[in-house]
Each structure stands twice: as C-alpha cells, then as structure tokens.
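Subject: Structure handover

Hello,

Please find the structure we spoke about below. My notes on it follow.

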Number of protein chains: 2
Amino acid sequence: MPKKILFIMCDQLRFDYLGCTGHPSIKTPNIDALAARGVRFDRTYVQSPICGPSRMSFYTGRYVRSHGSTWNSYPLRVGEMTLGDHLRPLGVRTVLCGKTHMRADLEGMERLGIDMSSDIGALVAECGFEVWDRSDGVVPDGAAGNPSKYKDHLRARGYGGENPWHSAANSGKSDDGEILSGWLLKHAAEPAAIAEEDSETPYTTTRAIEFMEQAKDDSWCLHLSYIKPHWPYIVPAPYHDMYSERDIISVKRSDAELKDPHPLMAGYYGYRYSHAFRRDDVRNAVIPAYMGLITQIDDQIGRLMTYLKQSGQLDETLIVFTSDHGDYLGDHWMGEKELFHDQSARIPMIIVDPSEGADATRGQVITDLTEAIDLAPTFVEFFGGKVPDHILEGRSLLPSLHGNAGPAREYVISEYDYSSRPHLRHLSPDAKSCLLTMVFDGRWKMIWVEGHRPMLYDLETDPDEFNDLGADENHSAEIMRLSNAMFDWARRQHNRVTLSDEKIDNDMCHDDAVEGVYLGFWDEDELAAWKADNSPD
Amino acid sequence: MPKKILFIMCDQLRFDYLGCTGHPSIKTPNIDALAARGVRFDRTYVQSPICGPSRMSFYTGRYVRSHGSTWNSYPLRVGEMTLGDHLRPLGVRTVLCGKTHMRADLEGMERLGIDMSSDIGALVAECGFEVWDRSDGVVPDGAAGNPSKYKDHLRARGYGGENPWHSAANSGKSDDGEILSGWLLKHAAEPAAIAEEDSETPYTTTRAIEFMEQAKDDSWCLHLSYIKPHWPYIVPAPYHDMYSERDIISVKRSDAELKDPHPLMAGYYGYRYSHAFRRDDVRNAVIPAYMGLITQIDDQIGRLMTYLKQSGQLDETLIVFTSDHGDYLGDHWMGEKELFHDQSARIPMIIVDPSEGADATRGQVITDLTEAIDLAPTFVEFFGGKVPDHILEGRSLLPSLHGNAGPAREYVISEYDYSSRPHLRHLSPDAKSCLLTMVFDGRWKMIWVEGHRPMLYDLETDPDEFNDLGADENHSAEIMRLSNAMFDWARRQHNRVTLSDEKIDNDMCHDDAVEGVYLGFWDEDELAAWKADNSPD
C-alpha cells in the first residue's frame, strides 16, 4: 500500500490540555496512545500565535515574515508554495478536510490570469489543497460564509431555523425552546442543541474517513483540521457535563503582572475577553466545555485509529497530532491567544511514524526546540522527496523519529502582527511596524516589540512567566544575545526561492569563460593558453 | 498629450564618467544638458552592484533580499510585481527597448499554469514589460541567444559571417580581414568592424524612436536600456580614437589595500580581470574605448532629445538617465564591479521632470542619499497613482524634484550574493549564506560579510576608500551603529505585499464583534448593552 500522512490539527488547543502532556483530569486516552506509539515533541512553538499566519506557516513551511500572510485574512501571496506544491510532484494527493483560514490573493490571481474555476486556480485559491471539505468554523448569522458541506448536512439531518450551524451546533436551547447562543460565555455549560454525531468534530471525522476509504490505493496527505476546541465554547451531551469546576487546573496569574506592565500587555489587558476571563464564573463555565470539546476530539481520534487499523492502512500512515496555537483561558489575566506565553504559543506535537526505523523511539518525549514549520520538510522527506531548503525554512523531524537527530536548534522564532488589533494598534506609528517577535532559546524568552523595550522571561527561575525582566538592566546581556540571534535570523535569505543551493553549486558557480564570455584576457595567446588549461579533456 | 516617462539606463556606467559628475575630459554635453534641465541626485546607490539583481530592484522597486533574484539569471519569482504591474492600471504602456537581464521563473509559471504564449504569460516572462525590442548583449558564438531583432537588422544590413553580432558589432578587423575579438582587451583600441549607425547604441535608439513615434498618443513608460558601455569594450569609429591615454583619470588604488586584506578582497583580487586591470596597457587600451562608448551614448541622447522636441513630446515626458552599476576599471586593483566601492555601487541619476512644479529645482544637485528603488514610486506618483508602499520599498523623488523633499534617508542598503562566484564561494559554508550587505550613511560605509568581520570605510577622512577600518577596535561603535541600522532594515515587513497599510487601517482594524463574532460577553444583557453602545446610529 502507498505511503500516507494523516495530518490532524486542532484549533486553539493548548499544549497542556492532554493527559500525555500532564493535565491531571482531562481524559484523552486515544491521543495519549498516539504519544505512546510515536514521539511527542514537548517543546514545539507555532510561528504565530493566531490561526491564519500560524497555519500559513504550517502549510508553506516558512516563517510569517517570509510568507507574508501576517494576520487572519491577510491574503497569502500568489505563487507562495504550499504543502501540495511540494507533495504533488511526489505523487501525493494533498487533501483538506476542515479548516485552513486561508484567504486567497484574488488580486494576484487576476493579475496573473489564474482562473479560480480552473484546476490550478482551485488549488491556488485553497492553499494548495484538494478540497474534500472545507470549513473555517461557524458562520455568523447573515454572513456569506464558507463553502462547507456541513450546512447541507445539517439541513439533511433535519436541523431547521435560519442558521442551524449557529443555532444547533453552536448554541444550547432553553427548556422553552429559546436559543442560548454559544457566543455567550454563560451558556458554555449548556449542551449544544444537536445530536453528538451531528456536531462538527464527528462530522469532520466522518468526512475524513469517507475520503480515506475511497483513496485507499492512493498516496495522500490528508489534512484533517478540526475547528475545535476553538470558540464558540459549547459541546453536545455527553461532553457538556463530563467535566466540572473541580477538574479545572488552577489559574496561572500573578499580581506582579499587573504592576506597571509593558504597554503591550496593558493594551492586551484592555480586551473585553481579557476582562471576561478574569472572572471565576467565566472560567468555571468555559473550561469544562473546552475540556469536553477536547475529549470529544479524542474519541474521534479513537474512531480514526479503529478505521485505519480495520482498513489495513495503519502500517503505512504517518500520523501527526498538533494544534495551531493555544488559549490563555484566564492565565496571565487574559483570554484568547496572540501573545507568546506558553499557554498561547506552545502547542502539542505528536508524530507516529509507522516505519520500522522509528521503532526505537516509540514513546519518547523529545525536548529539542521544535517549530511548526518543521512539519513540511518532514512530510517531503517521509514521501522520499529531497527537501527544498531554499524554500522550506524548518528542519525535518524524521531524523528525530529515527533516533539520529542532529544538533537541536538554538532558538525558536514566533511572530505576531497586531496591525488589525484595536487595543494595540496605537503602539505603532504605522501598520507595517506592528510587529512582535519572540526569540526563545529554551530558557530565556525575549519578545521584541518594535518601537518599545523588549520583554524578557527566564523560564528556569520563573517557569510560569510572571516576571517580565525586559526593563531590568541586569539582563541586558541576555537581551543582547537574543537580539543578535534575531538579527541572524532576520538577515537570512528568505526569498531566494527559485534556485536551490545544490543547483547553484552544481550549475551556476563556475568561471565566466565556460559560457563563451571571456573576461580579462589580453590577447589570443592568453586566451588560448587558458583554454588549453581548462579543456575538459 | 498624455504623460510619458523615458527611462534611460546604461549598463556598467560609473557615476564619475560624465562631464556633469566631474570627469575632466569626457564629452557628454547632451547628458550634461539633462542635468542642467533637471535634477542630478549625486549620491545614488544601486541595490546590488551587478546587472541582474540591480535591475530587478529597479523594476520591482524592492530590495534584493525582498525580490529574491539575488544574482544574474537567478529567476525572479512568479508573482513579484514589476513596473508594468504598477503602471498598467494607471493606463500606462510599460515598454522595453534593450536590456533587462531578467530570467523568468519558468517552474513557477508552469506550476501556476501561466502559458508563455498568452498575453499575461508574455508579460510575466519579460519582467512585466511589453517587449518592443529586447537585447541582453552580444550572444557568444554557439549560444542560444536572446530574441533581439538586432540580429535580423545586422543581416539585413549585409553583415555576414556566423555571428555578426560578435564579429562586426563587438570585434575589430585586421588589415588582412582577420576578426580581432572584442573579448580581448588588447583590441579595445580598434574600431569595431561596423558602421557606427549599425552598432548597438544607435540601433537601440532608433528602435526607441520608432516606438515613441507610433505611440505618441499613448501614455507610456519606455525603458530604453543600453547595453553599453558594458563589455566587450570596443566601439566603432569615430569613437574608437576620440580619447587616448592622456584623457584617462589616474587610477585610484593604494598599496595599503593589498596589505593583509579582508578575505573578501583577497578573493576578489584573485579574478583574472582584477589582474588584468592592474596593467597599464590594459587600462590604456580599455578606458578610452569605455569613454568612447559613453560619448556615443551621449550623442544618441542628443538624437532622442531632438526627436522629443520635434515631435512635441518634450513637455510631457519625464526623463531619467541612470545606470545599473559601475566598473572598477583598475581602481582598488580590480576590474568589473560586484563590490561596494563608489566605483561599483554608486551610479549617475538625472531626472528631468517637465512639469511647472519642477521649475524651481532645475539644475540642482541633490546630495540626499538616494536608492535605485526610489524610481518605481517616483514613476507611480508621476502618473498620478497612489504609491503602494507595502510593496515598493523606495521613496518617491517627486517631492525632491518639486523642491519640497522630506527628511533624507539615513542610510542606503546594497546587497551582493556571491554564491555563484568561484573565487569567493569558499568564504561561506553554504550557498545561502554568501551574503554581503553594505550600509552607508553618507560618511561611514560598512560592508557586512556573513561569517567574517565587517569592512568599514570613513569617506570623510578617506574619500577614496583605501583604508578598511573594519578590524580596528577604535571604530567598533560605528560598526555597532551601522549594524543596528541593518538590523532595523532586516526586521521590516518585506513580504506583506497583499494588503496596504491604508486598507488595514480602514477595513481590518476594528473590534471583532462587528463581524458578528461576539467574544468575551457573558450574557444577553452584556451583549445588548454593547450593541447599543456600538450601534452605528
């Protein structure tokens, strides 16, 4: 059977909300079983702690400042290569089932005459994926929405109303039939007004299994991309009351954080959801639902594993389980994500490589610093391709999976563009300078804030990241060191994407004269002598 | 009559080989007249001191590390916008007559299904130009060549032999009819074996006038791109003996340069043409021919001006005269270009703006630091467009032309990728790190050499750039200051090219809730209160 990759992504799943990553009460036996069968990369960071740019980094294998899609719905420039562009030439179908949050560069496509209705145009518009089913999450009432078949599914299953995606899948219902909107945090504890098997996570799983069943004989990379546990925080029975206040881990926040905070933090504290998640009633309502959504995903992972096993595909399918970023859930006095504390920028990353070569590492936890962009070269290498390292900026994890990893990277980089964020925008004179860059070396985490002082945390003495040392002169040497690392990174070739190092060294780096262009010769004799010396014989 | 731009570029023309830039003996009355009628930007630097990447910066308006075409024939990535993409929507034909040195990204075009034979494909493959005539210079014997109509012209004019482009236009002829190849420096003093009016510079001018004549009623930007005074250094009569040894300015080099040179310089000194240009006989043969080629261009500029005047187009045509880089001609013990001494990286830049608003600045010499990438936004603004400053990285020079320039830029950046250069390649462990970056603030010029110490020149105390202070600890503060400037530059958004700052500020930067996505509300009352407060009424 041909090789396959099942690339599972959750949305907004924190690194520490799994049994195998240490959560004391959440039940994720199927995900834990993946970790036992494969390798868990414990210190993996996203390239941007928000959906769109994080995903564009997963899909392009490039840093955010390289692919340029720096915030949600900032179009991915036409021509930027994605997983499908790298895998299709290896004979691999690269297929989407779920969320990408990609916005196509329609102006660029029009400029280049790429018709959306053509085969190539359809791929370009969908981040290089062959779309089996795409859903970027619940469409608000009245919005144009996205083309998921989930809407039709809900209708076919008899869900009525104007927008059952909202009113059934993402809302509860009161005893007298009133819709209890899942947008409102108070309703997080309600069961969603939908049969569990019709809710988004099982639906997406069913669709993925349908794909795998009809593509058994193909080589494929299936991106199974759940939109949960992302908000709206609401989950159908029996998951809605599987967890309670007693199962919640204690909030991680310190009064020190609120004293004279960095202007970036002060801005972020101003968000309505930051205020909301400071409230115990909010956390007590939301977090059990969030945990229920995760356990629901875990059950669906179980279904997938059963299917792969029964269909005989388990032994050739590499399985990835990860997330696009985390969720503060009240930690550090904040809700949502977007900044660089571990709650937001660190993700779970489990890879099960079915091959014999990986037997020695099964169950290992690897603490080398890992980046989301490492997946793309891993995939290319798994399918036997040569990694185009003039385009892909990550490093293949296959050597780690096979027990022969090279030296670990010295630091991870993560970026954030706050140009569209109302409570932060005032920190920058112009939209193009709204840039944050995290440099983390495994102990020291610096956040470079254009136009302001950097922030700095020492995770060895302050693992909870409560004390910002960025203004402390005693740590200027650390800041200098990490700034230099960032300078090294920023100077790299990020755009010489049309020629590989190998091609340059083999085909381009030669004396001018071999092209028939003769530079620096005085006369016929000199040229003749040179030609004799340089003759191929 | 519609507005027009005549964008004249020479190839390998040094900044100081014009009468108006101070050369004591060269005759360039027509170019000097342009300077008198317009503004000469005295301190203009190219973005890379070699044809391909320099031109790609002129045409894209972006730094080399942004457009990614970092050396000759490194393909310009598909989708990278060029002058034509910016000007065509303003109703401007953007037309090529001469050289671009652009290599199309054929793999990218194929991936995106862009057919070279389509109208759009033809533009993409030709750097966004509508090709009136393209010629990248003499094609060596046996090479596939490029599609210039010049070949046909030579045949039609009766030039025989296998390759008259070489044997007539770029070679002399001995008394007994033997071809004296222009590739050989000894023959530089010979007259080219071609009637002057059939040689490349007049031919290209004639073609340009043909274009202008039939496009009088159009708005256009014509890139008239001479391949001279680039090698082969040979020129037809009467230019071949217009200058002699006595007209040559003295060579600028110092023994100090050869003592313990930076490894980059040592590598560069190893080139055959560096050795050649140390010889007096080489300089005495080549430089008069180089000067003749320049005066020939000057005469053709005179023809162009006469045509524009007689055809009534002078008053609406903005004229640019510039070059893609210089030529060492033996200075600093080197031939060719590629490094960052003024002989190589500094170019002439004259702009004549015909509009009344520019009357006050006619004849001015502006010493503000200027970059090649400043032309693209100048052109957009001249044609009434809004400068897309999320794509174009230069600054419009129109304010300077109109006497109301803002603050000058603090430093210029120029880059060089030596990954294809045999005598330098050993300085880097891999092709992607073969990067040089010049940062020049008008006094201090630092050359950052990846993996090696930087070089540093103080042009105030050492205007000839003989003393590399990069290893001198007394100047570490300057190096730090310029490195910080380079860090600032490297960190910028170079790739968020699909959304303008204006669009972000106007359309994207708003509270989530206006999209119908309600984050951080506890219950219906909170949401209703918020909606009441934020109602558009």
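Let me start with the two chains. Chain A can be laid on chain B by a turn of 180° and a shift of 0.0 Å along the axis, with an RMSD of 0.0 Å. The two copies are thus related as by a two-fold rotation axis. Both copies use the same surface: 100% of the contact residues of chain A recur in chain B. Please keep in mind that this is a predicted model.

Aromatic rings

A search of the whole structure gives 43 aromatic pairs over all chains. One of them joins Tyr271(A) and Tyr273(A). This pair is stacked, with 5.0 Å from centre to centre and 10° between the planes. How buried are the two residues? Tyr271(A) has a relative accessible area of 4%, so it counts as buried, the limit being under 20%. Tyr273(A) is buried too, with a relative accessible area of 2%.

Another pair is in chain B. The ring centres of Trp132(B) and Phe211(B) are 5.4 Å apart. Their planes stand at 70°, so this pair is edge-to-face; the cut-off is over 60 degrees. Where do the two residues sit in the chain? Trp132(B) is in strand E5 (residues 130–134) of chain B. Phe211(B) is in helix H9 (residues 200–214) of chain B. The pair links distant parts of the chain, 79 residues apart. Phe211(B) is buried, and its relative accessible area is 0%.

Rings also group in chain A. Ring pairs link Tyr17(A), Tyr233(A), Phe277(A) and Tyr290(A) into a cluster.

Charges over rings

Two cases are worth a look. Lys445(A) lies over the face of Phe440(A), 5.4 Å from the ring centre. The other case involves both chains: the charged end of Arg272(B) sits over the ring of Trp530(A), at 5.3 Å from its centre.

Salt bridges

Side chains of opposite charge can pair when their charged atoms come close. How many salt bridges does the structure hold over all chains? The count is 88.

Asp42(B) forms a salt bridge with Arg40(B). The closest N and O atoms of this pair are 2.6 Å apart. Arg40(B) is buried, with a relative accessible area of 11%.

Asp464(B) forms a salt bridge with Lys252(B), and here the closest N and O atoms are 3.5 Å apart. Asp464(B) lies in the loop between strand E17 (455–458) and helix H17 (476–491) of chain B. Lys252(B) lies in the loop between strand E8 (220–225) and helix H10 (255–258) of chain B. The pair therefore ties together parts that are 212 residues apart in sequence. Asp464(B) is partly exposed, at a relative accessible area of 28%. Lys252(B) also counts as partly exposed, at 33% relative accessibility.

Arg279(B) and Asp281(B) form a salt bridge as well, with the closest N and O atoms 3.1 Å apart. Arg279(B) counts as partly exposed at 29% relative accessibility. Asp281(B) is partly exposed, with a relative accessible area of 33%.

Last, a network in chain A. Salt bridges link Arg40(A), Asp42(A), Asp342(A), Arg346(A), Lys445(A) and Glu465(A). Lys445(A) is the residue that lies over the face of Phe440(A).

Best wishes

Methods
Residues numbered from 1 in each chain as written. Chains lettered and ligands numbered in written order. Predicted model: local features only at pLDDT ≥ 70, side-chain atom pairs only at ≥ 80, totals over all residues. Heavy atoms only, no water. Phe/Tyr/Trp six-rings, centres within 6.5 Å; stacked < 30°, edge-to-face > 60°. Buried < 20%, exposed > 50% of the residue type's maximum accessible area, 1.4 Å probe, protein only. Helix = DSSP H or I, 4+ residues; strand = E, 2+ residues; numbered from the N terminus. Lys NZ or Arg CZ within 6 Å of the ring centre and 35° of its normal. Least-squares fit on C-alpha atoms with pLDDT ≥ 70 in both. Contact = heavy atoms within 4.5 Å. Salt bridge = Lys/Arg side-chain N within 4 Å of Asp/Glu carboxyl O.
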